[in-house]
Amino acid sequence: MKKSQPDPAAAPATGGPPVADATLRRLEWKVLRRLDGLLQGDHRTLMRGGGMDLSDLRSYQFSDDVRQIDWNVTARLQEPHVRIYTEDREMTAWFLIDLSASMDFGSSRQRKRDTAEQFATVLSRLLTRSGNRVGAMIHGTDSDTTVPPGQGRPHVLRLLHTLQTRRSANQRAGGATQLEDLLRRAAGVVRKRSTIFILSDFFSPEGWDRPLAQLAQRHDVLAVRLLDPLEIELPDLGLLPIRDAETGEQMLVDTHDPAFRRRFASIAAQREADLRAAFQKAGVDTMELSTEDDLVDALMRLSDMRNRRGRTHAPSGLPGHLHHPPGRHLGAA
């Protein structure tokens with residue numbers, strides 16, 4: 001059983017750890033400054049609440065949550081109608097971040113771990129600037145770390161410093177990721193309805209789909225699947241030694257063999273299909289985040305997805321982003 005540890009080094013009230021502060025300043029300059037000019041108009045919020053104040057009624061549409069049907073109005077008008085509630089504008093966001101050994105992989109300068117770290121940091125800064133609180137549960141190969149929800153730039157520095165500290169502590173292989181453990185632990189820690197971002201490559205033994213579905217019943221969940229292009233398709237690189245980062249198993253493969261590359265692509269495609277089915281069954285919104293993605297573009301995709309979801313009031317069903325070309329978004333149920 002993994003032990004939950006407190007944040008190893010909280011940032012002081014002002015300033016912060018030098019490395020974390022320098023990283024955050026760079027992201028604020030390169031990413032947040034660009035986003036400030038783009039997140040206007042329809043791009044007003046990345047989190048939508050679940051307020052209890054009834055504001056309106058409207059006709060039922062495909063993919064509406066059947067739990068929001070007003071049966072009295074439906075019976076009177078002989079047409080299904082759903083309730084619309086005033087949304088809370090201030091909420092708590094949680095980041096469930098997988099920092100297991102497989103997240104160390106990257107075919108270029110950027111690793112999946114780095115991409116997840118930057119995504120969580122920028123999104124945390126965006127949310128805290130709007131008065132929201134953010135917390136994190138960090139899952140690795142030795143122990144888990146929880147950063148309680150907080151506000152402001154010093155808190156984002158604290159979260160970033162925790163991620164950077166854990167990054168150097170998980171370079172060795174430590175067995176397969178137990179994503180199921182993280183999701184079940186989150187169900188016990190996050191009691192109040194929140195927005196939950198799960199950042200993982202989802203290389204984990206089966207069994208995580210059920211706790212994911214249970215988490216989605218209470219919270220607004222977005223699964224952010226980290227990937228690298230080499231995990232989808234292998235180029236012709238000749239003889240190539242590879243190692244499973246999760247188990248440490250090593251082998252020599254011949255990527256020059258077309259048949260081997262086809263088998264690899266087939267297995268990768270099947271995994272894509274299995275993930276789509278699992279996410280759809282769990283009823284969560286999902287997006288893919290590649291190590292080659294531009295972070296601004298990724299956050300704009302997220303904003304588009306969330307605003308589209310808000311306009312249709314559809315916490316279940318297939319949203320519009322499923323109709324985008326494969327490789328950008330996964331499905332949502």
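Is arginine 301 buried or exposed? Arginine 301 is buried, because its relative accessible area is 13% and buried means under 20% (exposed is over 50%, partly exposed in between, with a 1.4 Å probe and protein chains only). Arginine 301 sits in helix α8, residues 295-312. A polar atom of the arginine 301 side chain lies 2.7 Å from the backbone oxygen of glutamate 288.

This is a predicted model, in which local features need pLDDT of at least 70 and side-chain atom pairs count only at pLDDT 80 or more, while totals for chains, interfaces and linings use all residues. Residues are numbered from 1 along each chain as its sequence is written, and side-chain values use heavy atoms, with hydrogens and water left out.

Now the overall picture. The protein has eight helices and 11 strands. Helices (H or I, at least four residues) and strands (E, at least two) are DSSP runs, numbered from the N terminus. Of the 333 residues, 49% are buried. Contact means heavy atoms within 4.5 Å. Among contacts with a separation of 6 or more, 76% come from residues 24 or more positions apart.

Arginine 111 lies in the loop between β4 (92-98) and α3 (112-129). Arginine 111 counts as partly exposed, because its relative accessibility is 21%. Its side chain joins that of aspartate 104 in a polar contact of 3.3 Å. A polar contact is a pair of N or O atoms within 3.5 Å; within protein, one must be able to donate a hydrogen and the other to accept it, and residues adjacent in sequence count only if both atoms are side-chain atoms. Arginine 111 and leucine 227 are 116 residues apart along the chain, yet their C-alpha atoms are separated by 9.1 Å.

Helix α3 itself has 18 residues. It reaches 26 Å from its first C-alpha to its last, close to the 26 Å expected at 1.5 Å a residue. The expected span is 1.5 Å times one less than the number of residues. In α3, 17 of the 18 residues are buried, so the helix is largely enclosed by the rest of the structure. Just after α3, glycine 131 takes a positive phi of about 90 degrees.

Helix α7 covers residues 258-282. Its 25 residues reach 36 Å, close to the 36 Å expected. At its start, a side-chain oxygen of aspartate 257 comes to within 3.0 Å of the backbone nitrogen of alanine 259. Just after α7, glycine 283 has a positive phi of about 75 degrees. Buried residues in α7 include Phe260, Glu272 and Leu275. The buried residues of α7 pack against α6 (209-218), β8 (220-227), β10 (250-254) and β11 (285-290).

How do the helices pair? α6 and α7 pack at about 35 degrees, with axes 8 Å apart. Axes are lines fitted to C-alpha atoms, for helices over the stretch in contact, and angles run from 0 to 180 degrees between N-to-C directions. Asp209, Leu212, Ala213 and Ala216 of α6 make the contact with Ala278, Phe279 and Ala282 of α7.

Helix α6 also packs with α5 (residues 179-189), at an angle of about 25 degrees and with axes 9 Å apart. That makes α5 roughly parallel to α6; angles under 35 degrees count as roughly parallel, over 145 as roughly antiparallel, 65 to 115 as roughly perpendicular and the rest as oblique. Here Glu180, Leu183, Arg184, Ala186 and Ala187 in α5 meet Pro211, Leu212, Gln214, Leu215 and Arg218 in α6.
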